[in-house]
Amino acid sequence: MFPSCYSKPADSGGKRSSVAKVLLGVFVVYMLHTAWLLCGFLNTKPCDGGSGDPCITSYLAAKPRLQMSVFTCLVPDNSQLTLALRVDPFEPHSTFERQVSISLPEETRNNGSFYAVVYVHKAGVSPLEDRREVHYTAHLTTYVTPPHTEGQKGTVKKPGTEGPVSHWRPHLPITVMSEEFSFSKAGLPSDVRRHMRVSQEGRRTMYLPLLLVNELSCRVKDLVEINSSSVQLPLTVSYEGISLRTFRFWIHLHDVVYSLRQFGFTEENIDEIKETLIGSNLYLLVLTALITSLQLICEFLALKNDISSWRKKKSMAGMSRKSVLWRCLGTLLVFLHLLEETSLLVLLPVGLGACVEVWKVFKVFKIHLSRRFYTNKLDEEERKTVEYDAQASRYLSYLVCPLCISGAVFSLGYLRQKNYYSWLVNTLVTGVYALGFLSMAPQLFINHKLKSVSHLQGAVLMYRGVNTLVSDLCSCASFFSSSVPFTSSHQLSCFRDELLFLLYLYQRRRFGSTPKRRESVSKKVKTQ
């Protein structure tokens with residue numbers, strides 16, 4: 001009589017699917033917006049003055065006689081300046097390199113900081129008296145934890161050197177935008193506006209030379225540790241005139257590195273990113289961004305489908321409990337390993353994946369947490385699955401245990417470690433990377449015994465297979481380009497997931513899709 005009273009409640013799966021589609025759409029729109037900004041970044045429209053919009057012309061167009069002066073100081077704008085180098089006359093379109101020797105004050109030798117202040121000003125006039133001078137302050141020192149403070153064998157820790165130590169940057173690369181470009185006052189790019197100083201001469205508006213010190217070229221391997229005996233250190237001052245496109249490119253890279261430092265990246269992590277950014281041209285960077293976006297989309301879709309399928313799963317027949325448990329432990333070990341040496345930005349997705357794997361363990365073992373800890377009983381199909389799982393795990397232990405024990409003994413006796421905790425975590429993580437594909441053997445064995453793969457998530461394996469295929473292609477490219485570094489453990493983990501996906505495709509082709517078995521299992525669950 002009242003059909004609305006007997007209507008079924010709305011399915012929440014459709015809402016979750018809609019949310020996932022919205023998030024994916026937002027990500028695609030963001031990538032398109034980034035591509036549009038990149039096109040505007042590569043093609044800056046000059047000012048023609050035809051529309052009545054005032055133009056901002058270059059101060060270098062008048063060919064003034066300039067001078068470059070490089071000073072050193074302890075605190076910028078609040079300490080005495082010491083002249084280190086004078087270039088007179090200074091030609092903005094030239095390229096040169098000079099070697100100077102810098103005397104370090106006592107404060108810097110006692111783990112202090114040191115700065116360089118670069119001035120471009122009118123020749124023959126002090127930079128402090130020239131109203132059209134431009135200057136840039138750059139770090140000559142940076143704080144890095146030296147290798148001997150990391151607990152390596154054969155080294156002795158010095159008192160007071162537990163934290164980061166001041167290191168010397170031996171290279172000071174200076175650049176000036178030498179292109180005589182006319183900007184529109186209304187369409188002035190915001191990134192250029194931050195570095196621009198304007199001078200008014202009558203009705204004419206000029207911008208002073210755009211000066212930038214490219215601190216991204218300094219690598220960790222080039223740093224020199226400063227100690228009490230470092231009275232004088234060499235400094236290489238190089239100069240190069242660049243175009244507007246290159247100038248904006250370096251500005252954006254500096255902003256990226258600054259954001260990474262704010263997110264908690266260490267100098268070692270930033271150094272690897274510098275190698276990728278500086279050792280590649282613009283087109284390779286765009287290709288890297290596209291590949292990273294593709295991997296993010298595949299990882300997001302895999303996680304979304306994985307959670308959705310496990311939420312709907314009522315019976316665990318055909319699922320290897322040991323494989324799920326080992327995958328959970330492996331993810332937690334990788335999280336603990338990254339917790340020692342990476343930033344919060346990298347830990348968040350890994351930690352999210354670890355939480356999902358822990359939830360799967362509770363799901364597959366049917367563990368419920370309430371006031372009392374209890375587990376549900378298994379049906380006939382699930383008991384048969386557990387028997388096959390135990391049989392495969394017993395055979396697998398004969399191979400894995402000797403390899404893990406021998407690898408742990410070798411690592412403890414011949415490799416340098418921070419402490420026993422670090423040795424334990426590194427050994428377990430290496431085992432997860434190198435022998436992780438063996439943990440999936442019980443699942444393949446169960447598939448073979450049951451002659452079915454219908455209990456697995458084909459979409460999740462497909463997305464992860466595409467993701468690891470892209471990683472394998474990038475690792476192959478690392479043999480030809482040093483700007484794409486991949487460790488051997490990472491390559492082994494990619495090969496592991498790819499091998500699992502290929503074996504799944506083989507078993508799917510051999511056994512085919514068997515929905516009848518899944519229906520029979522669901523009927524048994526309902527009758528109980």
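Ten names come up when you look for the buried side of helix H4: the buried residues there are Leu244, Phe247, Arg248, Phe249, Trp250, Ile251, Leu253, His254, Val257 and Leu260. Keep in mind that this is a predicted model. H4 runs over residues 244-262, so to speak a stretch of 19 residues, and spans 27 Å from its first C-alpha to its last, close to the 27 Å expected at 1.5 Å a residue. After H4 comes Gly264, with a positive phi near 105 degrees.

Next, a pair of helices. Two packed helices are described by the angle between their axes and the distance between the axes. H9 and H11 pack at an angle of about 130 degrees, and their axes are 9 Å apart. The crossing of H9 past H11 is right-handed.

Here is who touches whom:

| Helix | Residues of the helix | Residues in the contact |
|---|---|---|
| H9 | 380-414 | Lys384, Thr385, Tyr388, Asp389, Gln391, Ala392, Ser393 and Leu396 |
| H11 | 441-450 | Ala441, Pro442, Phe445, Ile446, Lys449 and Leu450 |

Sorted by class, this contact has 8 nonpolar, 3 polar and 3 charged residues.

Finally, take a look at Glu357, which sits in helix H8 (residues 344-364). Is Glu357 buried or exposed? Its relative accessibility is 5%, and buried means under 20%, so Glu357 counts as buried. Setting aside neighbours within four places in sequence, Glu357 is in contact with Arg327, Cys328 and Thr331.

Methods. Residues numbered from 1 in each chain as written. Predicted model: local features only at pLDDT ≥ 70, side-chain atom pairs only at ≥ 80, totals over all residues. Heavy atoms only, no water. Axes fitted to C-alpha atoms, helices over the stretch in contact; angles between N-to-C directions. Helix = DSSP H or I, 4+ residues; strand = E, 2+ residues; numbered from the N terminus. Left-handed = near helix turned anticlockwise from the far one by under 90°. Contact = heavy atoms within 4.5 Å. Nonpolar A, V, L, I, M, F, W, Y, C, P; charged D, E, K, R; others polar. Expected span 1.5 Å × (residues − 1). Buried < 20%, exposed > 50% of the residue type's maximum accessible area, 1.4 Å probe, protein only.
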